[in-house]
Amino acid sequence: MDLTEDDVLEILNLIEKSSFDFLQLQMGDLKLVVSKGGYMGSAALAASGDHAPSAQPAAAEAKKEAAAAQPKPKAPVVREGTVPINAPMVGTFYITPEPGAPPFVQVGSRIDEDTTVGLVEVMKVFNAVRSGVRGVVAEICVQGGEFVEYGQTLILVKPEGKG
Amino acid sequence: MTISRVLVANRGEIALRVIRACRALGIESVLAVSEADRESLPAKMSDRVVCIGPARAAESYLKVEAIISAALGSGADAVHPGYGFLAERPELAEACVEGKIKFIGPSAENIRRMGNKLLARGLARNYGILLIPGSEKVGNFKEAALVAKEVGFPILLKAAAGGGGRGIKIVTESGEIQGAFETAAAEARAAFGDETLYVERYIPNARHIEVQILGDSFGNVIHVGERDCSLQRRHQKVIEEAPAYALSGPLREEIRKAAVVIAKNIGYENAGTIEFILDQDSEKFYFLEMNTRIQVEHPVTEAITGIDLVQEQIRIADGHALSFSQTQVEFSGHAIECRITAESAQDGFRPCPGSITEWHPSDGADIRVDSHGYAGYAVPPFYDSLLAKLIVHGENRVKTVARMQEALAGFIVSGIDTTIPFLRMLVCQLDYIKGKVNTRWLEKMVADLPSPGPKTD
């Protein structure tokens, strides 16, 4: 029996009110996975006998190898009495809103949690870097226009309490 | 065909797509590459490669002089700009004319008119097409706030020179407007060299519908159907479908007609796309913008029409009339495209450049993969994160969704994180299968996802 598209939508309407996170409908040659939750459904799908699991061990191996081959990532800077602001993503760091403009912050600038301290451009998108800490800028660790890695320390801040 | 050698001024999957179209037409291809792309798949596939500059796009793919000198130096008689980079910069089209090279795209004048979203809005209004309530240029955040008061929050701050979802910020309340204005202006200046912003009211229950247009140098303009690109994240399309299944018959005819009216009136030549916002509550559609280039999602239109849009682009630029008339364009079944990007959805869609160690794209009847990926390829961190487009075709939407689920299950990539696991989850969602979505649905679903557990590695 071959169901029409309307038949399938009708079936979906009937099951919509029942409680399920994930189910698999097989109607003739149509195999449809339906989920009302998040990743559980696709994990179950992967576990239900498709090719994905067989690739898992190889993938894990490959990941290990890749990790071993890569040079050590630039670790966050730790300095007593300061809190680092780390790059939220890999990309190009900009300390000024545009070329020639005054920088977002300088050594000695007083900042709070919401201050924008720079921009990281990655794949054409500019992302504002939020301070996340209240205090005074103690050191700027990277140059404007420098390629920064994920987690690399951009700025060190001498924290201050709320006041 | 008088064109015998095409310089491909792009990278990634679209460069490969253009190289293949050239090959099918018996035309040689020369690929312009940055230093970072010397080992790319399109570099291996093209007849010749010319390095035009360092990795940074501003010093290579965005340099008009570099492209033109590469074209002239390699004896190319036409330039295909792909999408992004210089595709919608009138300066490239102009420089091509000066260098007596054919530009595979519309005239510089039409790129300029449609490229400026404010000008385009004015033109569409003149042709009787509805516009989303909004403003002319706003010079600072205070002006934007005034307009926002008028049209009501939430609003969109958009770059007049923007497009392709870049330079757009949504603002939900007046407190956010200053920060959003500054970021949007900075992004617009960096990306398009023009910081002009304008305001549009945000339509909450909307669909993004766009009509594919083709025009030739004889004044023929036809549409090749429409697409639904409502599934977006940060204004970037994630899944696109053709036809736009939510449109009623009369509305479908109206929206296609509106697109042809605009393209015909401006004397549009080559492939273009007119984008509309469909308000699902009022069943009204509004002009959004026109993209004067081939779109990322063009394969879904190709799947349901059997037309090769890139080959048609080259034929049009070569001075041929369209290969078919409006009545000869036939639509068959449904097609869906998933954009697979090098990002970790589990980690806030963090871009994941790096080396691909394993690469097994989906395969099978009615499955198409447009990609520059391969095992051993190192995805550079300098460019857009698009890694592959997975396109499936089926006789109706439900069957096509089922086929997409299978195709995604069989797409294996390791070494870097991709959005494949996220897409697998997405196409199983009940709302998606039923087609009960709008342009906000995807973002909301992402926000509602249970947060992933702490990383173990």
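**Packing and helices**

Author: Val79(B) touches Leu7(B), Ala9(B), Ile67(B), Ala71(B), Cys96(B), Ile101(B), Phe103(B) and Ile104(B), leaving out residues up to four places away in sequence; contact means C-beta atoms, placed from the backbone, within 7 Å. This is a predicted model, where local features need pLDDT of at least 70, side-chain atom pairs count only at pLDDT 80 or more, and totals for chains, interfaces and linings use all residues. Residues are numbered from 1 along each chain as its sequence is written, with chains lettered from A and ligands numbered from 1 in the order in which they are written.

Reader: Which residues touch the most other members of the largest nonpolar core?

Author: Val79(B) is one of them, along with Leu7(B), Val8(B), Ile67(B), Leu157(B), Leu197(B) and Phe276(B), in a core of 133 residues. A nonpolar core is a set of buried Ala, Val, Leu, Ile, Met, Phe, Trp, Tyr and Cys joined through C-beta atoms within 7 Å; buried means 20 or more other C-beta atoms within 10 Å of the residue's own, exposed 12 or fewer, partly exposed in between.

Reader: What gives the most to this core?

Author: Helix 8 (residues 177-192) of chain B, with ten residues. Helices (H or I, at least four residues) and strands (E, at least two) are DSSP runs, numbered from the N terminus.

Reader: Switching to chain A: how many helices and strands?

Author: Chain A has three helices and ten strands, in the order α-β-β-α-α-β-β-β-β-β-β-β-β.

Reader: And what share of chain A is buried?

Author: Buried residues are 27% of its 163 residues.

Technical notes:
Two residues are in contact if their C-beta atoms, placed from the backbone, lie within 7 Å.
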